[in-house]
Amino acid sequence: MKVTSYSHAVLQIDAAGFLSIQNSWDVASDTAGTGVEALLAEARLWAGAVGDPFRLPSDDGAEFTWSDSLFVTALAFQPVRRGLCRVTFTGAGRASAEAVGECVEKRSSEGVLTRSRKWRTLAGDTALLPEPGQLLDWEGGAFVCESNERQEHADGTVDCTVTAREISTLQLGGVSTEEKPDGTRQSSVKWFAGTENCEEFLAAHPLLSPAEWAGENFYLDSRTVSAGGRIGFEITLVAREIFTHLLEAVRREEFHSFSRLGSVRREIVWNALYQVHADDIASFRLLTGSSPDGWAEENCIITRVTPRRRSDIEYEVEVEACHRNNPGLFEHYNASDRSNLSGREDVSVDVAEFHVNAEMAGYHMAADGSYQEIPDWEAGESCPFAASSPLDRNMIESTLRTLLITLSTYRAGGADNALSDLAGWIEGRVYSGSVCGRSGSYLKVRQTCSETRDDSGKLYTRINRTYQLAPGNFRWNSSYWDNH
């Protein structure tokens, strides 16, 4: 059986000035399918009998304490639904306070109703007489006690004059704040709202609205409404602090394999969790590939960002970062990338060999097998390099290494739109200038083109041009290459 306070204990004053206290409890059966008769039997067994000490509920309504000055005068049982019964206790003091005189009412120019009345009781037996700030059900209306003036008499009696004013809403106690291990805070406060004012109060405190009563960056997270007797409702407001900050960062290290030399290859992954205000969620976009902001070790890059929407104003964002030395991390590299084609230049470099025969160097083989200079040899027609005389003898039948640089650019549209550019490139075989930032004398070796599409599907023509850098300190001879 589970028992929970349905309404806080309300002090009641009727038209004759009789004082009593009332409180309701919900009694739920632990057994599924319990019938009404069995449920009522359980509730009656728990409730006890008239004359028992009165139960005073705790603030959260989950427990109670026995009063040593109040006793039960009436019990009521109401089956609410299957498996749940509401038990209402009415209580009074050991010695009832007697009303003296009539109730005096006053209404201010602002329309606020005030009531005053005197009670006489024994000294030390004033348990039911209201204290300042206490909520009252006075003749079916919601009032709050403003004062209780006491006058003791020699015969051991005491006169108490109570003044209370009618209310529509009233804050019950102060604001309590709880700090959680992740650094966030939660605040709560209780209010009373009269029956006619409850909807208006809730409309003025919508969920997710700023909760100034709790402090800066607090937003209303939940509202709990419970009956506060016949005159109104008790409303608990809970606000949470919501702002962008790191909640936790966890490092995970996992064995991956042994290398060929026997060393351990590890995978190191960091996972960070952020609370993010909705206004800041855009700052967590396009973070992949960048470095973490201080929550992971050096040489890590962000590989995954996962936002989860918790409400209109709050996100929870998981950020994963991997160490750059993690095995397989750069297997994600894709050589067939098709992004940003309009402004891209792709470069590949290779090494080629260039053979210089005797004639190119300005020599021929004599009958005795030695090399002799060719008479009237024309360098402009026979030598691939710019020269005015035969080359050094060590160049005869030599093989030189040169760089081959292939530059790929992209032109919008199909290959037919690039024909004039392609034709212009082949007009001269030798180019002196810079290729990919390296200046020199270049031989135009090869040109190809193919049609492709970028990531959005737009048509482009890829133009591949291969340049061969002149070896050593040589420069290519344009006269020679234009005829070969």
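Me: How many salt bridges turn up in a search of the whole structure?
Reply: That search finds 21 salt bridges. Bear in mind that this is a predicted model, where local features need pLDDT of at least 70, side-chain atom pairs count only at pLDDT 80 or more, and totals for chains, interfaces and linings use all residues. Residues are numbered from 1 along each chain as its sequence is written, and side-chain values use heavy atoms, with hydrogens and water left out.

Me: What makes Arg 150 and Glu 131 a salt bridge?
Reply: The term asks for a side-chain nitrogen of Lys or Arg within 4 Å of a carboxyl oxygen of Asp or Glu. Here N and O are 2.7 Å apart, so the pair qualifies.

Me: Where do Arg 150 and Glu 131 sit in the chain?
Reply: In distant parts, 19 residues apart: Arg 150 is in strand S10 (residues 141-152), while Glu 131 is in the loop between strand S8 (113-122) and strand S9 (135-138). Helices (H or I, at least four residues) and strands (E, at least two) are DSSP runs, numbered from the N terminus.

Me: Which residues are linked with Arg 310 in a network of salt bridges?
Reply: Asp 221, Arg 240 and Glu 314 are linked with it. In the Arg 310 and Glu 314 bridge, the closest N and O atoms are 3.7 Å apart. Glu 314 has a relative accessible area of 2%, so it is called buried.

Me: What makes the link between Thr 34 and Ser 29 a polar contact?
Reply: A polar contact is a pair of N or O atoms within 3.5 Å; within protein, one must be able to donate a hydrogen and the other to accept it, and residues adjacent in sequence count only if both atoms are side-chain atoms. The two side chains are joined at 2.8 Å, so they pass. The Thr 34 side chain also reaches the backbone oxygen of Thr 31 at 2.6 Å.

Me: Is Thr 34 buried or exposed?
Reply: Buried, because its relative accessible area is 10%. Its place is in the loop between strand S3 (19-28) and helix H1 (36-47).

Me: Why is Cys 383 called buried?
Reply: Because its relative accessible area is 0%.

Terms used. Buried means under 20% relative accessible area, exposed over 50%, partly exposed in between (1.4 Å probe, protein chains only).
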